[in-house]
Amino acid sequence: MAEQKHLSYVDTVNFGSYYTPSCIVDMVYALIQKNIPKWADFRIVDTSCGYGNFLRVPNSVGADCDEKAIEVARKQANNCQFYCHNSLVDIDRKQYGLSENDRVIIVGNPPYNDVTSIIRNGIKSEMCMVDREIKHRDMGISFLLSYEKLKVDYICVLHPLSYLIKKANFVSLCAFKDNYKLIDSVIISSGEFQATSKTTHFPIIVALYKHDKIGMDYNFIQNYVFKTANNKAFKIASFDKLCNYVTKYPNHKCLSLDDSVAFFWTMRDINALKRTKTFIEREIYSSIRVPKEKLSLYCYADVFKEYIPHVPYYFGNSDVMIDFDSFKRIEKSFLRKSLSKYSFLKGLLQEGEVTEGDILNINIYFQNLLGEHYVDKRAE
Ligand SMILES: C[S@@+](CC[C@H](N)C(=O)[O-])C[C@H]1O[C@@H](n2cnc3c(N)ncnc32)[C@H](O)[C@@H]1O
């Protein structure tokens with residue numbers, strides 16, 4: 001199984017050319033074999049095939065916009081058909097030599113990079129073109145939409161879990177979510193890809209979708225039981241979210257300066273919280289004004305950040321979770337734990353400095369909140 005070797009760092013980033021290790025391709029075929037009766041009767045197609053790592057059966061079809069990758073693929077799998085083109089324009093079965101009657105399974109690992117952050121050096125502009133109907137700032141979402149246009153029977157691909165669990169992404173899946181249903185899946189870590197292992201890991205879903213007239217709504221996703229490669233299972237709906245109680249975004253228009261007691265960095269998902277600041281001394285355009293009655297909840301977010309090492313990678317793109325009733329019972333512990341850290345917030349600390357009892361309360365709180373998902377650093 002070949003690792004990508006021919007591209008510079010910049011082109012690797014631009015094309016999202018992180019090729020898939022064979023143990024993960026195995027997962028795709030395991031899902032196909034388990035769920036698709038007579039799967040060998042289908043045409044297997046990868047519209048972003050790289051060296052063709054996913055094309056394991058004769059008569060499969062591969063396409064890529066990278067000429068050199070297609071050259072290597074042709075040598076490796078001479079019983080498959082290959083096309084060198086941009087798969088996100090003029091989408092049609094004819095592009096792949098497929099007829100309307102062919103039953104098709106899409107496989108692969110489409111690039112998932114944000115097109116607005118593409119490092120433009122040396123990239124031909126026609127390679128960055130995307131049909132208007134499937135345009136999205138994330139190329140991976142455009143690829144999912146392109147599969148729907150090909151009216152395929154099944155889609156078994158890797159993509160960030162955030163496409164499903166972040167509501168804004170889910171909504172942008174438009175015709176894809178209305179016509180396909182997730183029928184089986186496995187969650188893996190982005191750390192499985194060597195080239196990306198230095199960055200913060202995020203969850204990737206190896207997902208099998210079936211053509212379905214009813215499709216999926218967001219409620220379906222929230223109640224879907226996701227299983228990880230290490231035999232954990234979770235449901236998004238099992239957790240309450242901090243953003244049900246506080247605003248995550250700048251609220252300058254809704255709250256006056258006089259009514260705020262502190263400033264907090266914009267909150268996004270757990271991986272973002274890991275990288276960003278929490279309380280800041282001075283207000284900036286993107287900070288949140290914290291009203292007194294919500295201070296303890298922002299202290300909660302600040303303490304949550306400290307406990308992120310106990311949160312598994314598969315919650316990396318989830319919102320900060322909270323068990324509100326348990327939090328309320330030890331609210332003062334959170335206030336003391338957080339406010340004691342910041343000299344500019346000490347004035348708000350009416351309860352005295354943080355105690356050992358507070359730390360114990362908070363440790364137990366996070367163990368209970370995460371339950372079987374709690375990552376015990378001592379056990380690793
Ligand atoms: C993550 S790699 C996957 C390669 C291969 N399927 C594998 O997993 O080993 C993504 C591939 O998408 C290709 N690609 C990016 N944009 C494309 C486009 N618009 N049309 C066709 N291929 C594209 C890249 O050249 C790269 O080979």
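Because the model is predicted, local features need pLDDT of at least 70 and side-chain atom pairs count only at pLDDT 80 or more, while totals for chains, interfaces and linings use all residues. Residues are numbered from 1 along each chain as its sequence is written.

## Overall layout

The protein chain holds 13 helices and 14 strands, where helices (H or I, at least four residues) and strands (E, at least two) are DSSP runs numbered from the N terminus. Its C-alpha trace spans about 75 × 40 × 40 Å along the principal axes. Of the 380 residues in the protein chain, 39% are buried; a residue is buried if 20 or more other C-beta atoms lie within 10 Å of its own, exposed if 12 or fewer, and partly exposed in between, with C-beta atoms placed from the backbone. Among the contacts in the protein chain with a separation of 6 or more, 69% come from residues 24 or more positions apart, two residues being in contact if their C-beta atoms, placed from the backbone, lie within 7 Å.

## Domains and their contact

The domain assignment, whose bounds come from an automatic or database source, gives domain 1 (9-237) and domain 2 (240-379). The C-alpha centres of domain 1 and domain 2 lie 36 Å apart, and 14 residues of domain 1 are in contact with nine residues of domain 2. On the side of domain 1 that touches domain 2, the elements giving two or more residues are α5 (162-165) and β6 (180-189). The residues of that side divide into seven nonpolar, five polar and two charged, where Ala, Val, Leu, Ile, Met, Phe, Trp, Tyr, Cys and Pro count as nonpolar, Asp, Glu, Lys and Arg as charged, and the others, Gly among them, as polar.

## Ligand shell

Around the ligand stand 23 residues, of which Tyr19, Thr20, Ser48, Gly50 and Asn53 come nearest; a residue is near a molecule if its C-beta atom, placed from the backbone, lies within 6 Å of it. This shell divides into 10 nonpolar, 10 polar and three charged residues.

## Nonpolar core

A nonpolar core is a set of buried Ala, Val, Leu, Ile, Met, Phe, Trp, Tyr and Cys residues joined through C-beta atoms within 7 Å. The largest one has 98 residues, and Ile105, Ile106, Ile155, Cys156, Val206, Tyr298 and Tyr300 touch the most other members. Helix α10 (residues 295-306) supplies the largest share of this core, eight residues, and the core draws at least three residues from each of domain 1 (9-237) and domain 2 (240-379). Leaving aside its neighbours within four places in sequence, Tyr300 is in contact with Leu242, Ile322, Phe327 and Phe334.

Tyr245 is placed in the loop between β10 (240-241) and β11. Because Tyr245 has 13 C-beta neighbours inside 10 Å, it counts as partly exposed. Tyr245 and Tyr298 are 53 residues apart in sequence, and their C-alpha atoms are 10.0 Å apart in space. Apart from its neighbours within four places in sequence, Tyr245 is in contact with Leu297 and Phe324.

## Strands

All residues of strand β1 (residues 43-46) are buried, with Arg43 and Val45 pointing one way and Ile44 and Asp46 the other.

| Strand pair | Sense | Bridges | Bridge partners |
|---|---|---|---|
| β1 and β2 (residues 61-64) | parallel | two | Val45 and Val61 |
| β11 (residues 260-264) and β12 | antiparallel | two | Phe263 and Ile280 |

Strand β11 also belongs to an open sheet of three strands in the order β12-β11-β13, with antiparallel pairing. The edge strands of this sheet are β12 (279-280) and β13 (288-291), each of which pairs on one side only.

## Helix α4

In helix α4 (residues 139-149), 10 of the 11 residues are buried, so the helix is largely enclosed by the rest of the structure. The buried residues include Met139, Ile141, Phe143, Leu144, Tyr147 and Glu148, and what covers the buried residues of α4 includes β4, β5 (154-160), α5, α6 (167-172), α7 (174-179) and β6. After α4 comes Lys151, whose phi is positive, near 50°.

Key:
Two strands pair if DSSP finds at least two bridges between them.
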